[in-house]
Every structure is written in structure tokens, then in C-alpha cells.
Amino acid sequence: MPATLTDALLDPALTRDPAGPRITWYDDATGERIELSAVTLANWAAKTANLLRDEIGIAPGDRVAVLLPAHWQTAAVLLGVWWAGAEAVLDADDTDVAAALVTADGLDSDAPEVVALSLHAFGLPVPDLPLGIVDYATAVRVHGDAFSPAGAGAALSGMSVAEIATAAADAAERSGLTAADRVLSSRTWSTADDLVESLLAPLVAGASLVQVAHPDPDRQERRVETEKVTRSLS
């Protein structure tokens with residue numbers, strides 16, 4: 001088993017199809033569409049892991065709150081957290097964390113270190129941040145796009161890398177996902193179960209994910225056709 005969950009999720013795709021689409025993200029409320037290959041996703045994850053380690057001081061075994069919606073940047077953040085060897089915490093009420101990554105609505109977090117994400121399509125910072133809060137869009141871009149992990153503790157909800165990787169593989173098998181699939185989903189990633197089934201299962205299967213925020217039902221049929229969707233997650 002690879003040392004970190006990110007290695008387990010990304011290594012197969014980086015070996016088999018590094019340039020093909022891995023996550024395609026839509027927001028039907030704004031018209032945004034962003035597509036990331038395995039290489040691009042790995043670069044963002046590495047930048048995030050370097051930010052967490054070198055600027056925030058996160059070490060393997062630390063717990064990091066990821067209080068973000070389903071978004072392509074959230075995928076990069078989660079992979080960065082796991083590459084840094086930390087455990088991702090999805091519960092906003094769990095305050096036993098070393099840092100929290102939040103949107104502008106979560107700036108009142110009691111975490112010792114807070115990183116704010118605007119999730120803006122053009123990478124704009126969160127305006128008027130209070131002193132002491134790190135702006136992700138500004139800070140992450142100066143960090144390197146390669147990362148060497150130094151170990152890992154729990155990965156998610158107190159479960160180890162092996163347990164989460166197995167859970168994701170089991171979920172992929174139950175859904176019949178393969179590396180040939182293009183998976184459409186508008187599910188949230190707010191719980192461990194949702195995250196395993198709607199993000200990690202497609203990744204561990206080697207499939208590509210079409211994730212839609214604020215889905216417009218009138219656009220779905222056309223999207224299935226244009227994105228060559230083979231499976232949908234309800």
C-alpha cells in the first residue's frame with residue numbers, strides 16, 4: 001500500500017493516462033467549466049501539500065478540517081492534505097484540528113491556522129481577510145508542483161490509508177466502475193461516505209469524474225452526450 005492516500009489514488013492514473021481528463025467540474029449557476037488531467041491535479045495537490053507543510057506547519061498525523069463544497073479545488077485540497085500525511089476532517093464541529101480550510105463563510109473557525117478559499121474561477125483572493133488568515137489563491141501559487149511525502153497517519157474519519165483505499169475500491173466495485181467510465185455526479189462531499197462513493201471511488205477505479213454544482217436539469221441530457229458520460233451517481 002502506498003504511504004499516502006494521494007499516492008494510492010493518483011499513481012495509477014499518472015502511470016496509465018497522465019494527460020486524460022480526471023476531473024471535469026461544472027457550475028451551472030455561473031457557467032464555469034474546468035477540466036483537470038491527472039498531471040494537473042497532482043500539481044495542485046503538491047502545491048497544496050507544500051503550502052500546508054512549509055507555511056502552515058502541518059506534519060504527518062495532524063488533523064486538518066476541510067470545510068469546502070464539492071469543487072475541483074476541494075479535490076486538490078483533499079489530495080494535498082493526504083499527501084502531507086494529515087487526516088481530513090469534514091465535521092465543522094470537530095475543533096481538535098491543526099488547521100482549517102474554509103470558504104469566506106467559515107472565517108470564524110477556531111482552528112489555530114485558517115486558510116480561506118474564494119473558489120473563484122480566475123483565482124482571485126478572498127477580499128478583506130482578517131489578519132492572520134492565509135489566502136489560498138495567493139499563497140498556493142508560489143509553492144512547488146512536486147512533493148515528497150514523509151508518511152501518513154489516519155486519512156479520513158479516523159480510518160487509515162489502507163481502510164479508506166479499500167472502502168473506495170469496494171464502492172467502485174459495487175457501482176461497477178472501470179477505468180473506461182466517465183462518471184456524472186452532483187453529490188456533495190460533506191460526509192465521509194459521500195466523499196468515498198462520489199470522489200474516491202471513481203479515482204481509485206481510474207475513471208474520470210464530471211462533477212456538477214448547482215445542476216440545471218435542462219442541461220443534463222446534453223451534458224451526458226457531450227461529455228460522453230457512461231455512468232451517473234444518484
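**Close-up views of a predicted model**

View 1. In an unreviewed entry, UniProt lists residues 31–89 as "domain: AMP-dependent synthetase/ligase". In this predicted model, the chain over residues 31–89 is 53% helix and 24% strand, with its end C-alpha atoms 30 Å apart.

View 2. Five strands, in the order β4-β3-β5-β6-β7, form an open sheet with parallel pairing. Because β4 (87–89) and β7 (134–135) stand at the edges and each has a single partner strand, one side of each is left without a neighbour in the sheet. Helix α3 (residues 72–83) packs on the sheet, where α3 touches β3 (63–67), β4 and β5, and the direction of α3 makes about 175 degrees with that of β3.

**View 3. The pairing of β5 with β6.** Strand β5 (residues 99–102) and strand β6 (residues 114–116) run parallel and are joined by three bridges, and Leu101 stands opposite Val115 in β6.

**View 4. The crossing of α5 and α6.** The axes of helix α5 (residues 161–175) and helix α6 (residues 192–205) come within 8 Å and cross at roughly 90 degrees, so the two helices are roughly perpendicular to each other. Among the residues making the contact are Ile164, Ala168 and Arg174 of α5 and Val196, Glu197 and Leu200 of α6. The contact residues divide into 12 nonpolar, no polar and two charged.

**View 5. The two ends of helix α7.** At the start of α7 (residues 217–226), a side-chain oxygen of Asp216 reaches to within 2.9 Å of the backbone nitrogen of Asp218. The helix is followed by Lys228, which has a positive phi, near 55 degrees.

Terms used: Residues are numbered from 1 along each chain as its sequence is written. This is a predicted model: local features need pLDDT of at least 70, side-chain atom pairs count only at pLDDT 80 or more; totals for chains, interfaces and linings use all residues. Side-chain values use heavy atoms; hydrogens and water are left out. Two strands pair if DSSP finds at least two bridges between them. Helices (H or I, at least four residues) and strands (E, at least two) are DSSP runs, numbered from the N terminus. Contact means heavy atoms within 4.5 Å. Axes are lines fitted to C-alpha atoms, for helices over the stretch in contact, and angles run from 0 to 180 degrees between N-to-C directions. A polar contact is a pair of N or O atoms within 3.5 Å; within protein, one must be able to donate a hydrogen and the other to accept it, and residues adjacent in sequence count only if both atoms are side-chain atoms. UniProt positions are given in the numbering used here, feature names are shortened, and annotations may be inferred rather than shown by experiment. Angles under 35 degrees count as roughly parallel, over 145 as roughly antiparallel, 65 to 115 as roughly perpendicular and the rest as oblique. Ala, Val, Leu, Ile, Met, Phe, Trp, Tyr, Cys and Pro count as nonpolar, Asp, Glu, Lys and Arg as charged, and the others, Gly among them, as polar.
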